[in-house]
Amino acid sequence: MIRINDILERAQSYLPPSELEMIEKAYIFSASVHQGQVRLSGEPYLSHPMEVCGILAQMKLDAATLVTGLLHDTVEDTLATLEQIEDAFGKEVAFLVEGLTKISKISLGSQEERQAENFRKMIMAMSTDIRILLVRLADRIHNMRTLEFQTPDRQVFISKETLELYAPLANRLGINWMKMEMEDLSFRYLDPETYNELARRVVKKKEKREKYTAEVNGIIRGELDRFGIPGEVEGRSKHFYSIHKKMKEQQIDFDEVYDLTAFRIILDSDKEKDCYEALSVVHALWKPVPGRFKDYIAMPKANHYQSLHTTLIGPYGERVEVQIRTRAMHEWAEEGIAAHWRYKEGRAISSGDQEQIKKLRDLLDVQQEIVNPREFMSNLKVALFPEEVYVFTPNGDVRSFPKGATPIDFAYSIHTDIGHQCIGAKVNRSIVPLKYQLKNGDTVEIITQAGHHPSKDWLKYVVTSRAISKIRNWVKTEERKRSVSLGRDLLEKEFKKHQLKFGQIAKSPAMAEVFAEYHIASLDDLMAVVGYGRVSPKQVVHHFLPDEEPPKEAAAAKDRKKGAKTEPVGVSLTGIDDIMVRFGRCCDPIPGDEITGYISRGRGITVHTADCAHVREMDSDRLVDVQWDIREKREYPVNMRILGNDKKGLLADISAAIFSLDVNITHAEINIAQDGQAVCDFVISVNDLSQFKKVIAAVKKVQGVVSVERLLRP
């Protein structure tokens, strides 16, 4: 466990004695309120805020941030109050601690709702002070370092959240070391077998790789000296998750990953032109690989990262990746916004840094209007998508978009009305379809028509959170209008059947009881939920027919009379009874998956996995919470794809591995790709997610198998 003296020693190199005293005072306060508390590891709870503060001190952040690191869990986990913290440490620290206090004391329906509200709260607080996010990232890093003491389920949940949200947030802030460590730690718990195998193979090549790195390093260093370019050259192995991603994306084996080491030239000069001079030196030294040069100096990434990237055919025909940057660029590349929020002796943060903070706020502000927790989290993940393309407006301005963005995303980035009225686009002066995916260097021009409206189909090919949010809002507004109209018609007909006047009853005080039961606020809301199919007209009429049998009981009696049988589907629905349930064929959910339900008029509820791509396109008002409720064992179909080296007996070995777990194969299709790899698509029947994971583990052990993944239907 880190000691307070270690923290003070780190901090005294850049903080005055008066502020060191405040840190020591915060340590004493934290130790007293956390006294008696222990972590799952058995260590005193104080070890956690101490480690968080140590990370922040290593990043050389200001005293208020370090104090907040020591106090960040006090209000949530102890009897300490914000008033006490404000009295002892001031309003600034109290505000930071409040921004970091999770929404744990509010009763919310699901873990997903709590997760969404915690992120929403953090982002809103971050809009005022970015340091809240820096402390939260340091908190998450230490929690990931000690994740071994959590249960397997918690390990998976926390790792998934870290990989999908915290690592991209660190990337957006430009804190590269933090992003890489989070990715590797998450990878270790999400896919331990692949992680351990990769680690073993990297270590096996370590000695040979170090020898090669030293040789290349020496050649580059000598060439820079010859041309009088001062600076340093370093070679660093790529982190495990980036190697794994490359293998998966390019469908290659570990032995085919040549550029395991990235070389950096960090120049002493602060002039951009010197980077291009160094580039010409390495290009003269070795032949560059076509299409593998990226200029992030002329066109920085969205997180302000600047560097030149090039790949060359180096010694012995191996590919060598070289990054070239100034020392200031390197500081930003490693520490990001944290490097510019260090103690500045009272000076205000620079305008350039303010601009970076504003970019992140703008990116996340659009999320605030989203009420549905699932939609909020889905859009937030899209907003943090790390890969970008850079395109030009007709005036020559540069705009960056996530990879896969279309002209519609471009249109909404200009103005909501331009997006709504978009009917076409020109890219490089040629008409393109609206689903065209923008490429680096494209010049985009939007064609509009007054009175035109967006289509729900646009949601299939937009990727920016702004475009998704604006299209969804428009579609929801229109669907609500239609549902209100349909709901009114259905209610009027049902009331008329029972010789009741809907118009008169709608104005009566008794209608307030109906509103209360369905948690709605107005007559329009009632007509909308009836139109959506969430509530049947019979259920509403029942409130005004006290002598009649409730619809649910009547239906049950009718079923009993007919001897009707309902097959147990293994899913329970929150607040909904007697409704048909089926599983989405697009994602084939199995017990253990996170799931959500979608109400279809006349077709009951369709169950999808929570991360199913089709859910994003659905009306969030029709999404309902569903849970697995397994009472009888049954089999569920799962699609899986196995890539392997084409060899005799591969199919037989894979089939034997699957059958050994008493799992049935219902369909198999084998194809040979152009590169000679065997592509094996299977449909198997499993009882739940844990059994499917055992199948994956068994198949991965088959000699010749390169990768195994769950396959979603198009």
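Trainee: How do you know that the span of helix H13 (residues 206-226) agrees with its 21 residues?

Mentor: This is a predicted model, where local features need pLDDT of at least 70, side-chain atom pairs count only at pLDDT 80 or more, and totals for chains, interfaces and linings use all residues. Numbering runs from 1 along each chain as its sequence is written, and side-chain values use heavy atoms, with hydrogens and water left out. The expected span is 1.5 Å times one less than the number of residues. For H13 that should give 30 Å, and its end C-alpha atoms are 30 Å apart, so the two agree.

Trainee: Which residues of H13 are called buried?

Mentor: Buried means under 20% relative accessible area, and exposed over 50% (1.4 Å probe, protein chains only). Arg-209, Tyr-212, Thr-213, Val-216, Asn-217, Ile-220, Glu-223 and Leu-224 are the buried ones.

Trainee: What puts them on the same side of H13?

Mentor: The arc is taken from the directions from the helix axis to the C-beta atoms. Theirs covers only 135° around the axis, so they sit on the same side of H13. Glu-207, Lys-211, Ala-214 and Arg-226, on the other side, are exposed.

Trainee: What covers the buried residues of H13?

Mentor: Going by contact (heavy atoms within 4.5 Å), the cover includes strands E1 (231-237), E2 (261-267) and E6 (319-326), plus helix H15 (272-285).

Trainee: What comes after H13?

Mentor: Gly-228 follows H13, with a positive phi near 65°.

Conventions:
Helix = DSSP H or I, 4+ residues; strand = E, 2+ residues; numbered from the N terminus.
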